Amino acid sequence: MGKVLITTEMFPEELERLADAGHRVEAPERGRFPREEILDRIRDADALICLLSDRVDEELLARAPRLKAVANLGVGVDNIDLAAATRRGIPVTNTPEVLTETTADLGWALLMAAARRVVEADRDLREKGFPGWTFIPPHLGVDVYGRTLGVVGLGRIGTAVARRGRGFCMRVLYHSRTRKPELERELGLEYAPLDRLLSESDFVVLTVPLTPETRHLIGERELKLMKRDAVLVNIARGPVVDEAALARALKGGTIRAAALDVFEREPEVHPELLPLRNVVLTPHIGSATWATRRKMAELAVGSVIDVLAGRRPPNLVNPQAWKGT
Ligand code: NAP
């Protein structure tokens with residue numbers, strides 16, 4: 001029995017589950033609580049269900065003497081100071097698996113949109129009308145089928161992206177911290193060091209978590225290694241790409257196009273990206289389908305109910321913090 005602070009509006013059935021388990025819930029009816037309100041409401045909270053846009057840092061944790069659980073509504077936990085939570089013995093959970101295929105689908109939607117200039121063509125049609133079929137239209141794109149896909153970070157989402165590449169008869173290269181011989185065999189993948197992957201791929205999809213090692217993994221040097229006709233897709237986290245360098249590369253023709261679901265300083269988008277026609281921009285909607293958001297909510301609420309009942313939750317990100325039964 002305790003107070004559960006949810007920083008975002010939540011599906012009613014999940015609010016009911018928490019109430020049925022005897023918990024008192026504070027959540028906004030619409031949208032999300034601003035930081036100041038979270039800092040205020042956290043003081044007597046026993047559990048926190050939060051978004052990747054909420055910073056769970058020293059400042060917040062120091063104000064939360066009763067806090068026993070943090071459930072992140074997302075798989076990436078770069079918004080959470082895990083060391084600080086662990087020092088305080090607070091279990092942190094995330095929502096892996098349930099969003100894998102949905103996020104891979106968006107990666108492919110972006111890849112296809114950038115390759116075939118779908119967004120540009122749609123915008124032109126609405127703004128300028130359809131001038132009639134032309135043989136050499138302004139929206140000539142590049143083929144996807146049979147070309148080379150490079151996946152950076154062969155985890156759950158990266159593997160799902162690579163699997164889809166097989167359906168398009170692509171040669172699929174991957175780069176990851178560790179080699180995956182079984183997946184290489186099963187999916188016909190080829191391991192490549194990052195530089196080779198960048199120089200040989202027609203499409204590069206980023207699916208690494210944001211860590212000190214992956215911050216600006218793709219910068220000016222790496223963009224220059226890519227083919228002039230290549231497309232870069234980022235469905236990982238914004239700071240994995242040096243956005244200013246990417247804007248310069250897109251403007252100067254170093255690469256053909258990019259598609260970004262995530263940004264370096266969300267919700268801000270680099271102002272030099274906005275006017276460019278050869279970049280597709282979506283507002284961090286990788287996991288945004290009804291079914292997946294419901295599953296993410298179910299998992300996060302289930303984790304909080306577990307921890308507050310003394311049960312070890314699935315998807316514990318910091319097992320060192322677990323002292324329960
Ligand atoms: P995951 O299963 O942990 O996969 C991440 C992979 O990246 C792992 O396989 C890991 O390596 C690899 N990796 C880590 N550090 C690396 C490095 N320095 N160099 C090369 N490879 C490295 O996670 P996931 O579930 O696929 O999710 C991946 C990320 O996608 C999340 O962390 C999140 O930031 C992002 N995401 C975005 C959205 C969105 O809305 N756009 C939605 C969901 C997730 P090894 O396995 O090789 O050791």
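The legends below describe close-up views of a predicted model. Residues are numbered from 1 along each chain as its sequence is written, and side-chain values use heavy atoms, with hydrogens and water left out. Local features need pLDDT of at least 70 and side-chain atom pairs count only at pLDDT 80 or more, whereas totals for chains, interfaces and linings use all residues.

**View 1. Packing of helix α1 (residues 12-20) with helix α12 (residues 290-308).** The two axes come within 10 Å and cross at roughly 10°, which makes α1 roughly parallel to α12 (angles under 35 degrees). Axes are lines fitted to C-alpha atoms over the stretch in contact, with angles from 0 to 180 degrees between N-to-C directions. Helices are DSSP runs of H or I with at least four residues, and strands are runs of E with at least two, numbered from the N terminus. Helix α1 contributes E13, E14, R17 and L18, and α12 contributes R294, A297, E298, V301, G302, V304 and I305 (contact: heavy atoms within 4.5 Å). By class, this contact has five nonpolar, one polar and five charged residues. Ala, Val, Leu, Ile, Met, Phe, Trp, Tyr, Cys and Pro count as nonpolar, Asp, Glu, Lys and Arg as charged, and the others, Gly among them, as polar.

**View 2. Surroundings of the ligand.** The ligand is surrounded by 27 residues (a heavy atom within 4 Å), and R156, I157, S176, T178 and K180 are the closest. A backbone N or O atom of I157 lies 2.8 Å from a ligand oxygen atom, and an N or O atom in the side chain of D261 is 2.9 Å from a ligand nitrogen atom. The shell comprises nine nonpolar, 12 polar and six charged residues.

**View 3. The loop residues P267 and E97.** A cis peptide bond, with omega about 5°, joins E266 and P267; P267 lies between β11 (257-260) and β12 (279-281). E97, in the loop between β5 (92-93) and α5 (100-116), has a positive phi of about 70° although it is not a glycine.

Terms used. Parallel < 35°, antiparallel > 145°, perpendicular 65-115°, else oblique. Polar contact = N/O pair within 3.5 Å; in protein donor to acceptor, adjacent residues only side chain to side chain.
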